[in-house]
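Let's take a friendly walk through this model, starting with its nonpolar packing and moving on to one strand and its partners.

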Amino acid sequence: MSKAFASLSPRRAVLAVGGEERQTFLHGLFSCATKSLTSGHGTWGALLTAQGKFLHDAFILACDEVFLLDVEADRLDDLLTRLKRYKLRSKVTLEPRPDLVVGVAWGDDIPVLPAAPGQVMAVAGGWALRDPRLPSAGWRLMLPATSALSTLPELESAPLARWDAHRIALGLPDGSRDLEIESATLLEHGFAELNGVDFKKGCFVGQEVTARMRYRGLTKKRLMPVTVTGPLPAPDTILRTADGADAGEIRSLCLDPAAVAETAPQGLALVRLAALDAGPLLADGATVQPHRLDWMVFPVEKG
């Protein structure tokens, strides 16, 4: 019998951005477009340094007269500090929403949740966004902390590790678990193909560097699902080719073997493109095999 599953994600929290200038405020900061984002729609993008390096990712839901941002919980204070620096005299309010918890859902489509990627619906006293990255990614949920998943009996509750396994198989990054803060670039992590960068919106912080990487084909690494044979290496473990050359590094992992289907990827790794055809890679005694996915677009070498 087919089913839809859901998990709560304590790694994520909700930040409300209100005020009459909320659309233009976020539009000039994040890599996604919010200037014309109307109620009932959502998007995904990132806040970067001026040098185009990753700081924060956010799912942005337009809900009535406020934007609700699904962001990393343990880095919420840092995001607030950075947004306040840009706020100045903008008519914008910034308010954490601990009364809402973040969840994820995936599996079969069900009528109570949005059908179209980027669509937002009011559900169970909260909100649901059909993940704008990939249809198979499912939904992002914002639900009342007092009731959470109990208000959605159509979804079968599952451990968060099962969501991690699903996310990893799809090659989807999970904030700073996969993007190194003040180091990672968006194109290395699939933001262009996953609708996380709007190259037509005009300026945003870090836009010039991001656009240059795209148009000059400067991407040298790629975040990819990997299967591991042998002991599971820790995050940040260096990958090496058989002759010892640096081939990248391990990023996020699904640490619950029971959540991972046999032969499925156990983690994500940032792999040097030059090492993709070098055969299986090595990491602390384990053999690591990267997997290209259909949605991934690799740069064509020029010259």
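## Nonpolar cores

The largest nonpolar core holds 44 residues, and Leu61, Leu68 and Leu239 have the most contacts inside it. A nonpolar core here is a set of buried Ala, Val, Leu, Ile, Met, Phe, Trp, Tyr and Cys residues joined through side-chain atoms within 4.5 Å. Strand β4 (residues 54-63) gives the most to this core, with four residues. Another core, of 24 residues, lies apart from it and includes Leu15, Cys32, Leu47 and Leu83.

## How the model is read

This is a predicted model, in which local features need pLDDT of at least 70 and side-chain atom pairs count only at pLDDT 80 or more, while totals for chains, interfaces and linings use all residues. Residues are numbered from 1 along each chain as its sequence is written, and side-chain values use heavy atoms, with hydrogens and water left out.

## Buried means under 20% relative accessible area, with a 1.4 Å probe and protein chains only. Strands are DSSP runs (E, at least two residues), numbered from the N terminus.

In a regular strand the side chains alternate between the two faces of the sheet. Both faces of β2 are covered, with Arg12, Val14, Ala16 and Gly18 buried on one side and Ala13, Leu15 and Val17 buried on the other.

## Partners of β2

β2 runs antiparallel to strand β5 (residues 66-72), joined by six bridges, and Ala13 stands opposite Val71 in β5. β2 also pairs in the antiparallel sense with strand β6 (residues 93-96) over four bridges, where Gly18 stands opposite Thr93. Strands pair if DSSP finds at least two bridges between them.

Technical notes
Buried means under 20% relative accessible area, exposed over 50%, partly exposed in between (1.4 Å probe, protein chains only).
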